[in-house]
Amino acid sequence: MALLEAIVLTALVVAILGHAVWAARGDRLLERRMRIGRPLLGALLDRPADEPRIRILRRLGRRAQIRLFAELEPRTEVAQQDAVRDVASRLGIVARAARGCRSRWWWRRLYATRLLTLVDGGAYIMPALIHDPDQLVRTQVAEWAALHPDAPTLVALIGLLDDPTGIARFAVMDTLLRIGPPAVPALVLGLAYVGPAGIASALLVGARLAAPELLEPGLTYAVHPDAAVRAAAAAVLGALGGLDAVRMLGNLLDDPEAEVRQAASRGLGELGHWQSAAALLPLLGDPTFPVRRETAIALTAMGDPGADILRRALGGLDRFAADIARQALGAAAEGS
C-alpha cells in the first residue's frame, strides 16, 4: 500500500513539474511572438491593407493577436478606431467573435462580446445582445455601447435601466455618463417606458450630467409613489436649482421616507440655498442618522446662516441634533 502511495505521489509531482515546464515554455514562446507582433501591428494601424504584414501576424496565433490588441492604448479618434477594427477583421477576429455571440453558452457569448469591445467591432450584432439572458453579457454590451451612441443603441440601453440585476443597471448608468450630453434626449424619452427602477436610474444619470432638460421631469417625479424615484428626482433638482426646484426640495424635507429627506437636504446644500437653513433645523433631530448627517453637511455648505442654525441646535434639548451639530461645527473648525 505504501509503495502504491509513493508511486501515485511521484507521478503527481512529475505531472505538476511537467505542467510548469510546459507553461513556462509557452510563456516564452508567446513573448517572442509578442516582440515580433508589436511593430507589425503598429505599422498595420497606419496601413491596414498591408497584406504581407497581415499574413505574418496571422502566423503568430490567435492568443498573441488578442494580447497585442489588448496592449493598445485607448484610441478615441474615428480613424484610429476604424484602423483597429479593419485589422481585426482581416485577421478573422471579428468574424470569429460574431460566431461566438450566437453560442448557446453564456461564457462563450461573454468572451465574444469582450473581444468585440476590445477591437471595437460587431456593430451589426452587439445591440441584439443588450437584452441577453446573462447579466455579465448585458454588462459587457453596455460597456461596448459607450463608443456606439447611435439612437437605436441608446433606446435599448435606456430600457436596460430597468434591469433586475444591479451590475447591469450600474454598467448602463456608467455608459450613459461616459456618452454624456448626447444621451440626454434618450434619457428624457425613456422615462415614459421604464418602471420605477429605470426612472430612478435615469434621473440619477441626469443629475450627474446636470441636464436642464430634466428639470421638468424632476419636478414631476418628485411626487412619484416610489421613494427611490422621489429621491432621484431630488438629486436632479439639487443639481439644476431654480425657484421651483428649491420649493419642491423644501416640500420633500417632510417626506415620510428617510432616503427622500436625505436627498432633499443634500440638494439644498449643493445649491447653497442659505434661505432654507431654518427649514433644515428639525432634520438635525431626525430619527435616521444619514438624514441628520446630510442635513449637517448641507448647513455647513450654507455658510454663516447654516452655522447659526447648527449653533442653535447645539444649545437645544434634542441630544441627536446637538450631537450632529457638535460634529459638524468641530469638523468645520478643523477645516478652517
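W106 is partly exposed, with a relative accessible area of 37%; here buried means under 20% relative accessible area, exposed means over 50%, and partly exposed lies in between, as found with a 1.4 Å probe and with protein chains only. The structure is a predicted model, in which local features need a pLDDT of at least 70 and side-chain atom pairs count only at pLDDT 80 or more, while totals for chains, interfaces and linings use all residues. Residues are numbered from 1 along each chain as its sequence is written, and side-chain values use heavy atoms, with hydrogens and water left out.

## The overall picture

The protein holds 19 helices and zero strands, where both kinds of element are DSSP runs numbered from the N terminus, helices being H or I over at least four residues and strands being E over at least two. Of the 336 residues in the protein, 45% are buried. The protein exposes about 17500 Å², and carbon and sulfur atoms supply 60% of that area; accessible areas come from the Shrake-Rupley method with a 1.4 Å probe, and for residues only the protein chains shown count as cover. Among contacts with a separation of 6 or more, 61% are between residues 24 or more positions apart, a contact being a case of heavy atoms within 4.5 Å.

## The nonpolar core and a buried helix face

The largest nonpolar core has 101 residues, and those with the most contacts inside it are F69, L176, L203 and L284. Helix α13 (residues 227–240) gives the most to this core, with eight residues. A nonpolar core is a set of buried Ala, Val, Leu, Ile, Met, Phe, Trp, Tyr and Cys residues joined through side-chain atoms within 4.5 Å. If its neighbours within four places in sequence are left aside, L203 is in contact with L191, L214, Y221, V229, A232, A233 and V236.

In helix α5, which covers residues 93–101, the residues I93, V94, A97, A98, G100 and C101 are buried. Seen down the axis of α5, these buried residues fall within an arc of 155 degrees, so they line one face of the helix; the arc is taken from the directions that run from the helix axis to the C-beta atoms.

## Aromatic rings and charges

The structure holds two aromatic pairs. W105 and W107 form a stacked pair, with 5.2 Å from centre to centre and 25 degrees between the planes, whereas W106 and W107 form an edge-to-face pair, with 6.0 Å from centre to centre and 85 degrees between the planes. Rings of Phe, Tyr and Trp (its six-membered ring) pair if their centres lie within 6.5 Å, and planes under 30 degrees apart count as stacked, over 60 as edge-to-face and the rest as tilted. W105 counts as partly exposed at 34% relative accessibility, and W107 counts as partly exposed at 46%.

Charged side chains also meet rings: a charge sits over a ring if NZ of Lys or CZ of Arg is within 6 Å of the ring centre and within 35 degrees of the ring normal.

| Charged end | Ring below it | Distance to ring centre |
|---|---|---|
| R169 | F170 | 5.9 Å |
| R292 | F320 | 4.2 Å |

## Residues with a positive phi

Most residues other than glycine have a negative phi. D120 has a positive phi of about 55 degrees although it is not a glycine, and D120 is found in the loop between α6 (106–119) and α7 (135–145). At 6% relative accessibility, D120 counts as buried. A210, which is not a glycine either, has a positive phi of about 50 degrees and is found in the loop between α11 (196–209) and α12 (215–221). A210 is partly exposed, with a relative accessible area of 38%.

## Residues apart in sequence

R90 has its place in helix α4 (residues 78–90) and is partly exposed, with a relative accessible area of 31%. R90 and R55 are 35 residues apart in sequence and 9.5 Å apart in space, C-alpha to C-alpha. Leaving aside its neighbours within four places in sequence, R90 is in contact with P48, A49, E51, I54 and R58. N251 has its place in helix α14 (residues 243–252) and counts as partly exposed at 49% relative accessibility. N251 and A222 are 29 residues apart in sequence and 9.5 Å apart in space, C-alpha to C-alpha.
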